[in-house]
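I hope they are handy to read with the coordinates open beside you.

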Amino acid sequence: MFWVVIEGIDRAGKTTLGSELARNLVEEQQISAKYSHVFDTPIGKELRRIFLNYDSLDGLTETLILSAARSAYVAKFINSGRYEIVITDRFFDSIRRGASS
């Protein structure tokens with residue numbers, strides 16, 4: 001299993017690159033690939049809602065929320081063995097308040 005992480009600032013083209021790469025791998029290379037964001041799990045969606053709706057979260061709380069979202073993501077997409085390649089839009093470097101669209 002390969003895991004590709006696309007990092008970058010807002011509007012840099014991460015979503016376009018990731019979705020096109022996954023589409024190409026699936027359609028043209030016949031490889032099982034998944035493109036997603038770290039918040040693309042049921043738990044991640046709830047955590048994202050909390051993360052975006054509370055302006056007064058301290059740094060530790062933000063870190064723990066993001067760590068929980070990452071953990072759920074790894075369990076669902078990385079450790080599941082369902083895909084040959086997982087392409088992730090942001091995982092670590094660029095996820096912080098203001099950079100988590």
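**Notes on the model**

1. S32 touches R82, Y83, E84 and I85, leaving aside residues up to four places away in sequence; contact here is heavy atoms within 4.5 Å. The C-alpha atoms of S32 and E84 are separated by 5.3 Å, although the two residues are 52 residues apart along the chain. S32 is found in the loop between α1 and β2. Helices (DSSP runs of H or I, at least four residues) and strands (runs of E, at least two) are numbered from the N terminus. At 27% relative accessibility, S32 counts as partly exposed; the classes are buried under 20% relative accessible area, exposed over 50% and partly exposed in between, with a 1.4 Å probe and protein chains only.

2. A word on the basis of all this: the model is predicted, so local features need pLDDT of at least 70 and side-chain atom pairs count only at pLDDT 80 or more, while totals for chains, interfaces and linings use all residues. Residues are numbered from 1 along each chain as its sequence is written, and side-chain values use heavy atoms, with hydrogens and water left out.

3. Which residues make up the largest nonpolar core? There are twelve in all: V38, F39, L47, F51, I65, L66, A69, Y73, F77, I78, V86 and F91. α2 and α3 each supply at least two residues of this core, and α3 gives the most, with six residues. A second, separate core has seven residues, including I6, L25, Y35 and I85. By nonpolar core I mean a set of buried Ala, Val, Leu, Ile, Met, Phe, Trp, Tyr and Cys residues joined through side-chain atoms within 4.5 Å.

4. Not counting residues up to four places away in sequence, V86 touches M1, F2, W3, V4, K34, Y73, F77 and I78.

5. Two of those neighbours of V86, M1 and W3, also belong to a nonpolar patch on the surface together with V5. The three have about 270 Å² of accessible area together, by the Shrake-Rupley method with a 1.4 Å probe, where for residues only the protein chains shown count as cover. Patches are made of residues with over 30% relative accessible area and no salt bridge, like charges being joined within 9 Å and nonpolar side chains (Val, Leu, Ile, Met, Phe, Trp, Tyr) within 5 Å. V5 is found in strand β1 (residues 2–6), and V5 counts as partly exposed because its relative accessibility is 34%.

6. How many salt bridges does a search of the whole structure find? The search finds five, a salt bridge being a side-chain nitrogen of Lys or Arg within 4 Å of a carboxyl oxygen of Asp or Glu. R23 pairs with E27, with the closest N and O atoms 2.9 Å apart. These two are separated by about one helical turn because they are four residues apart in helix α1 (residues 14–27). E20, R23 and E27 are linked in a network of salt bridges.

7. In helix α2, E46 and R49 lie three residues apart, about one turn of the helix, and they form a salt bridge with the closest N and O atoms 3.1 Å apart. E46 is partly exposed at 44% relative accessible area, and R49 is partly exposed at 41%. Another salt bridge joins D40 and K45, where the closest N and O atoms are 3.9 Å apart; D40 is partly exposed, at 29%.

8. Is R90 buried or exposed? R90 is buried, with a relative accessible area of 1%, and is found in the segment after β3 (85–89). Its side chain makes a polar contact with the side chain of D10 (2.6 Å). A polar contact is a pair of N or O atoms within 3.5 Å; within protein, one must be able to donate a hydrogen and the other to accept it, and residues adjacent in sequence count only if both atoms are side-chain atoms.

9. Please check the backbone at two places. Phi of R90 is near 65°, a positive value in a residue other than glycine. Q30, also not a glycine, has a positive phi of about 55°. Q30 lies in the loop between α1 and β2 (33–37) and is exposed, at 62% relative accessible area.

10. Finally, D58 sits in the loop between α2 (42–53) and α3 (59–78). The side chain of D58 makes a polar contact with the side chain of T61 (2.8 Å), and D58 is partly exposed at 41% relative accessibility.
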